[in-house]
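Thank you all for coming.

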Amino acid sequence: MSSLWKGAGQLILVSGSGFLFPFREDYKRFRFTDVQVISVAKRSRSMMCFVYGAGILIFLLPFLLVITAGGGAPFGLTRAVAASVLAVIILIFLGLLIRHIILGPTCVCEIQTSLSRDRLSPLNRYHRTLEVIDSLHPEIEASQTELLATGTLAGGDAASAIEERKPLSVSPLVVPTFSVVFLFGL
C-alpha cells in the first residue's frame, strides 16, 4: 500500500496503512541534494517458497482425505464442496508460489539522509530496485555536484564544511566500560 514518486529534484514516498485499501497515507519527501546513501540488501527467496509450499502441503492432505474417503460411496454434496474449497485454497497457494518465483529475488532498499534512514517498501524486488536506482543516480549526482559547485553545502562554504569534518573517534571510556559489562555478563 505504498508507492514511490519521482518529482523535480526529489523523491516522494507515499505510505498507506489500512486493510485491503489504504485508510491513511503518510508522505515523506527526500530531496536529491539531501540523499547520502541508497542501500540495497538482497534477501533469500527460500523462506517465502517454504511458506507457500507448506500452505500447499497443509491443505493437500485434507484434500486427498476428502477425495479418497468414503470408499466406493457416491460423491456427496458435502464432500464435493469440501474438496472444491480445499482445491481453491491449494490453487491460491500455488499461484502465490509461482508468482513469487517469476518476480525474482527480493531485497530491502533503504534511503539515508542526514535526518533519517527509511525503508523504501515499494522497492522490494532486486532487479526492479537496481533499475530504479540506475535511473535516479545521474539526477542525484548532478544535483549534489551542482550543490558543491555553488557552495551551499550545510548553509555555508562547501570547502570549509568539508575541512571541518573530524574523523570518527572512540571515547577512552568505551573499552573499560565494555570490559566490565562483558565480565559482569559472564
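Helices (H or I, at least four residues) and strands (E, at least two) are taken here as DSSP runs, numbered from the N terminus. This is a predicted model, in which local features need pLDDT of at least 70 and side-chain atom pairs count only at pLDDT 80 or more, while totals for chains, interfaces and linings use all residues. Residues are numbered from 1 along each chain as its sequence is written, and side-chain values use heavy atoms, with hydrogens and water left out.

Let me begin with S135, which sits in helix α3, residues 126-150. S135 counts as partly exposed at 41% relative accessibility, where buried means under 20% relative accessible area, exposed over 50%, and partly exposed in between, with a 1.4 Å probe and protein chains only. A polar atom of the S135 side chain lies 2.7 Å from the backbone oxygen of V132.

Turning to the surface, F21 belongs to strand β3, residues 21-31, and is exposed, because its relative accessibility is 60%.

Which residue has the sulfur closest to that of C107? That residue is C109, whose sulfur is 6.2 Å from the sulfur of C107, and this is too far for a bond, since a disulfide is a pair of cysteine sulfur atoms within 2.5 Å. The structure as a whole holds zero disulfides. As for accessibility, C107 is buried, with a relative accessible area of 4%, whereas C49 is partly exposed at 25%.

Terms used:
A polar contact is a pair of N or O atoms within 3.5 Å; within protein, one must be able to donate a hydrogen and the other to accept it, and residues adjacent in sequence count only if both atoms are side-chain atoms.
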